[in-house]
Amino acid sequence: MKGTQLGEFEEIVLLTIARLYDDAYGVAVLEELSERLERPMSLGVVHRTMQRLEEKGLVHSRFSEPIAERGGRSKRLFTVTMAGEQALREARRIRNELWDGIPKTAFDHLT
Amino acid sequence: MNRNYKRQQETEPPRWAERLLTRITAPHIRDEVLGDLYELFQRRVLRYGYTKAHLLYVLEMLLLLHPRLWRQQARSAQLYTKPTEYSLPNPMAMLSNYGKIAFRKLIRHKSYTLINVVSLSLGIACAILIFTLIKYHLSFDTFHADQDRIYRIYTELHTDKVTYSTGVPNPMGEAFRKGYSVAEKVGRIAFLKKRLVTLSPEKKFEEDVAFADPDFLDIFNFPLIRGNPQTALQDRNTALITERIAKQYFGDEDPIGKLLHIDESLVVKITGILQNLPATTDFRSEIYVPFGNLQDHSPWLVEKDWWMGFNKEMQCFIRLKPGVSAAMVDTKILPAITNKYYDKEYAKVFRFKLQPLSDVHFNPKLRGYTEKKNLWTFGLIGLFLIVTACVNFINLATAQALGRSREIGVRKALGSERGALFWQFITETTLIAGVAMIIALGLAYLVLPFVNQWFEIKLVLNPLTDAYLPAFLLVLLLIVVFCSGAYPGLILARFQPVLALKGKLSQRAVGGFSLRKSLVVTQFAISQLLIIGTLIITNQLRYSQQADMGFRKDAMIILPIPDNKKSKISTLGAQLSEMSSVENVTFFDTPPATESIGSTPIRFDSRPKAEDFTISVKSADHQYIPTFSIPILAGRNVNPSDTIREYLLNETAVKALRLASLQDVIGKTATINDQPGTIVGVMKDFHYKSFHAAIEPLCLTTRSEVYGNCGVNVNPANLGPTLASIERAWKATYPSAIFTYRFMDEDIERFYKLDNMLLRLIQAFAGIAIFVGCLGLYGLVSFMAAQKTKEIGVRKVLGASTSSILWLFGKEFIRLLLIAFVLAAPLAWWVMNEWLANFVYRIEPGAGIFVLAVLITVIVALLTVGFQSMKAALMNPIKTLRTE
């Protein structure tokens with residue numbers, strides 16, 4: 001029984017997987033993330049996060065055919081499961097609620 | 001070709017890294033990881049060029065290194081339909097479940113639990129006592145403020161050998177105080193043992209009295225609870241006493257202003273009360289008198305500012321200024337004092353050094369109580385006992401593990417993880433160890449008074465006031481739990497559920513018999529080590545106490561005499577001699593064997609220089625030789641006269657003078673203690689110290705002014721009445737003193753007091769180690785017997801005799817025991833030789849002792865094994881076989 005909360009980075013990775021839809025694998029996710037987050041990222045971190053997501057049952061993976069550009073190795077392609085979708089929606093709902101709850105004047109004094 | 005190869009290289013990631021990754025990556029993610037890295041590499045070569053891509057590849061690889069990389073395929077993904085309701089297990093609930101199951105298990109296996117609890121609690125109780133003992137000794141005199149700056153100046157005499165004394169010449173204190181500013185405080189003190197303290201004619205006590213400089217109480221932390229610390233010990237004829245003494249002497253009366261008579265010669269007025277002494281101090285005087293009063297009380301100690309003599313009681317303590325190093329004082333200041341106050345020849349002989357306060361309790365050369373070495377020996381023994389107890393635990397647990405395999409199979413099949421099973425087992429161990437610890441504490445409390453009696457110390461066991469004890473207990477508990485629980489726990493948790501459920505686990509799965517064998521060997525080896533130690537110490541002590549010391553020691557009574565005026569001595573002597581049951585009466589300073597005897601230079605005949613050895617001097621009257629039956633080998637006994645100086649040497653002294661025959665010394669002069677005299681005879685060598693020390697040159701002479709004891713040779717038949725009449729005669733001569741006497745053999749026993757304590761302790765520990773070991777054996781054999789019931793049944797049906805079945809059990813253990821002996825014997829031999837090296841006259845540990853040790857363990861082990869195996873062997877085979 002592992003902790004099954006969705007971490008912040010996990011959420012971002014999960015979203016990226018969803019966004020890449022049918023081409024979500026290690027390198028693609030890594031590139032997408034480092035572009036969006038504008039900071040260098042290591043494959044290891046992405047990799048471990050995706051493994052964790054799979055263990056939690058939030059993504060599902062399958063292997064592609066071997067590909068020449070990859071030195072004859074296959075890709076592990078990830079897709080979001082129903083549980084994953086639900087977790088994402090849940091996270092979004094919480095965020096939306098929180099955003100909605102912020103009073104209009106909350107950020108006023110900052111400017 | 002070459003270029004082509006290079007091009008090829010530039011588009012490929014580093015081969016070594018790929019190979020390394022292939023090796024360590026779990027198979028199910030290997031393709032993915034290598035593929036991803038490869039793809040990234042290709043992109044980066046295009047983007048940044050080969051070198052940077054190469055570097056980044058290695059970097060990515062390093063960042064991938066994580067257990068997830070080589071962990072085997074994860075369990076299949078579980079689907080959570082409601083991810084928001086992910087629930088965490090409640091750890092407290094699990095813990096209480098562990099506890100409940102552990103408790104039930106332990107109740108079910110009563111004998112198993114009992115054996116473990118008993119052996120653990122014995123081991124832990126010993127460990128607690130040893131810990132308390134060690135801590136007690138280590139805490140001696142550590143309560144003084146700035147104790148690391150307090151030193152005692154001691155004397156080293158460099159003659160042909162080096163001798164040490166706690167005392168310093170009388171002028172040392174003043175010389176140090178006046179001439180050198182490195183010390184904050186300098187305190188001279190004279191510790192006089194067993195002085196007669198009189199309140200009134202009826203109230204007499206014997207007490208140690210210290211004559212001290214006012215600085216002494218400043219250096220040491222013995223606080224005054226009444227009286228003025230500024231003026232304490234300043235004015236003459238005052239005294240400070242402890243609360244305890246005040247209570248004993250005066251009860252509820254106010255002691256301040258009361259008078260005390262010390263040895264009848266000195267009258268002092270009590271001006272202050274000291275707080276009771278803590279148990280952990282070596283400075284046990286409870287009456288303090290100003291140092292100046294020494295002049296009136298014992299003028300011989302301070303008669304003149306004499307640098308040539310010193311006395312062990314006359315000590316000097318200093319507290320150095322902060323930042324002053326003891327080494328500097330040792331190498332600069334004390335040699336400077338020697339050079340200033342001694343001529344060239346004596347400056348070589350007299351050397352002074354600083355002894356740190358922390359060393360006072362532990363330095364045997366300077367009359368310290370014990371050596372640290374002994375403490376560590378005890379520590380080691382304590383560790384041994386704990387190990388033995390833990391070994392039992394592991395052995396029984398692994399032996400029992402097979403029996404529990406079904407339980408574990410079921411638990412695993414129901415989804416228990418390996419970790420959970422491990423913690424389950426640890427909980428069981430903790431429960432046993434916890435119970436054992438509580439019992440052990442109780443045991444330790446019960447035994448403590450006896451230990452205190454044995455060692456004549458005051459150990460206190462109070463976890464509430466002593467922060468170290470609970471910490472020690474906690475650490476001990478953790479160690480015990482993990483030492484004894486971790487291995488069986490791991491074994492149990494590793495069982496394959498299918499095999500376990502089928503009951504198909506073999507003995508090998510629980511760590512095999514080999515681990516248990518080696519543990520049993522360890523246990524036996526520890527027991528044998530202790531047994532051999534016990535036997536050797538017993539033999540040596542018996543040898544020391546019963547051996548011929550060269551003089552008569554039975555039926556000798558020694559009476560300390562408070563006053564050696566000639567008239568008194570002769571009256572007492574005459575009265576005692578008249579009694580029919582008294583054979584001989586002699587007056588002397590020290591009995592034949594004594595720990596405290598000084599030595600002094602000797603000049604022989606007309607030789608120009610003093611000899612290069614020193615000689616010990618005994619002062620005694622002419623009756624000494626016949627009373628103690630010391631044979632005269634040449635010449636004659638000394639004359640009764642006190643005025644004509646005559647010397648009687650021992651053989652060793654004659655040998656040291658390098659003379660051909662004993663006759664050669666007779667009639668020659670010798671100068672000893674600056675006093676010339678004639679050598680009239682040679683006495684046979686006798687042991688005038690304990691067997692710890694070698695016989696050295698000795699001389700006997702008459703000097704009635706130093707006599708302090710009277711030796712009476714009595715007829716042992718009517719001891720009671722004889723003692724009574726001796727007391728009457730004594731009282732008639734010394735009406736105001738307290739009559740005390742002791743037997744000579746007790747004196748000799750006292751030499752070996754520490755050794756005797758060591759013996760008793762090791763005996764006790766050896767007994768416990770053997771007992772605990774046997775408990776373990778008993779348990780082990782019970783399990784073996786239970787497992788082998790069917791085998792035994794079959795053997796019996798096929799016609800095996802009872803004795804052959806007994807042998808089935810016995811031979812295994814005898815083999816282990818012999819292996820243990822092979823391990824223990826050399827170790828024991830080495831350790832005991834170290835101990836025996838403390839004795840100059842000693843036994844040689846022969847083969848007999850070792851054989852005896854083996855026999856004892858064999859017999860005890862066989863008795864233990866025998867009962868269970870007998871039961872197994874006698875069992876009706878029908879019963880055991882029918883169950884199939």
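Me: Is the crossing of α1(A) and α4(A) left-handed or right-handed?
Reply: The crossing of α1(A) and α4(A) is left-handed; the term applies if the near helix is turned anticlockwise from the far one by less than a right angle, and right-handed if clockwise. This is a predicted model, in which local features need pLDDT of at least 70 and side-chain atom pairs count only at pLDDT 80 or more, while totals for chains, interfaces and linings use all residues. Residues are numbered from 1 along each chain as its sequence is written, chains are lettered from A and ligands numbered from 1 in the order in which they are written, and side-chain values use heavy atoms, with hydrogens and water left out.

Me: Why is α1(A) called oblique to α4(A)?
Reply: The axes of helix α1 (residues 8-20) and helix α4 (residues 82-101) of chain A come within 11 Å and cross at roughly 120°. Angles under 35 degrees count as roughly parallel, over 145 as roughly antiparallel, 65 to 115 as roughly perpendicular and the rest as oblique. α1(A) is therefore oblique to α4(A).

Me: Which residues make the contact of α1(A) with α4(A)?
Reply: Glu8(A), Glu11(A), Leu14(A) and Leu15(A) of α1(A) meet Gly84(A), Leu88(A), Ala91(A) and Arg95(A) of α4(A), where contact means heavy atoms within 4.5 Å. By class, four are nonpolar, one is polar and three are charged.

Me: What makes α7(B) and α18(B) oblique to each other?
Reply: Helix α7 (residues 110-138) and helix α18 (residues 418-455) of chain B pack at an angle of about 45°, with their axes 7 Å apart. They are therefore oblique to each other. The crossing of α7(B) and α18(B) is right-handed, and their contact has 21 nonpolar, two polar and no charged residues.

Me: Why is the pair of Tyr752(B) and Phe839(B) called stacked?
Reply: Rings of Phe, Tyr and Trp (its six-membered ring) pair if their centres lie within 6.5 Å; planes under 30 degrees apart count as stacked, over 60 as edge-to-face and the rest as tilted. The centres of Tyr752(B) and Phe839(B) are 6.4 Å apart and their planes are at 20°, so the pair is stacked. Tyr752(B) and Phe839(B) are both buried (under 20% relative accessible area, with a 1.4 Å probe and protein chains only).

Me: How many aromatic pairs does the structure hold over all chains?
Reply: It holds 41. Among them, Trp730(B) and Tyr734(B) form a tilted pair, at 5.3 Å centre to centre and 55° between the planes. Both Trp730(B) and Tyr734(B) are buried.

Terms used. Axes are lines fitted to C-alpha atoms, for helices over the stretch in contact, and angles run from 0 to 180 degrees between N-to-C directions. Helices (H or I, at least four residues) and strands (E, at least two) are DSSP runs, numbered from the N terminus. Ala, Val, Leu, Ile, Met, Phe, Trp, Tyr, Cys and Pro count as nonpolar, Asp, Glu, Lys and Arg as charged, and the others, Gly among them, as polar. Buried means under 20% relative accessible area, exposed over 50%, partly exposed in between (1.4 Å probe, protein chains only).
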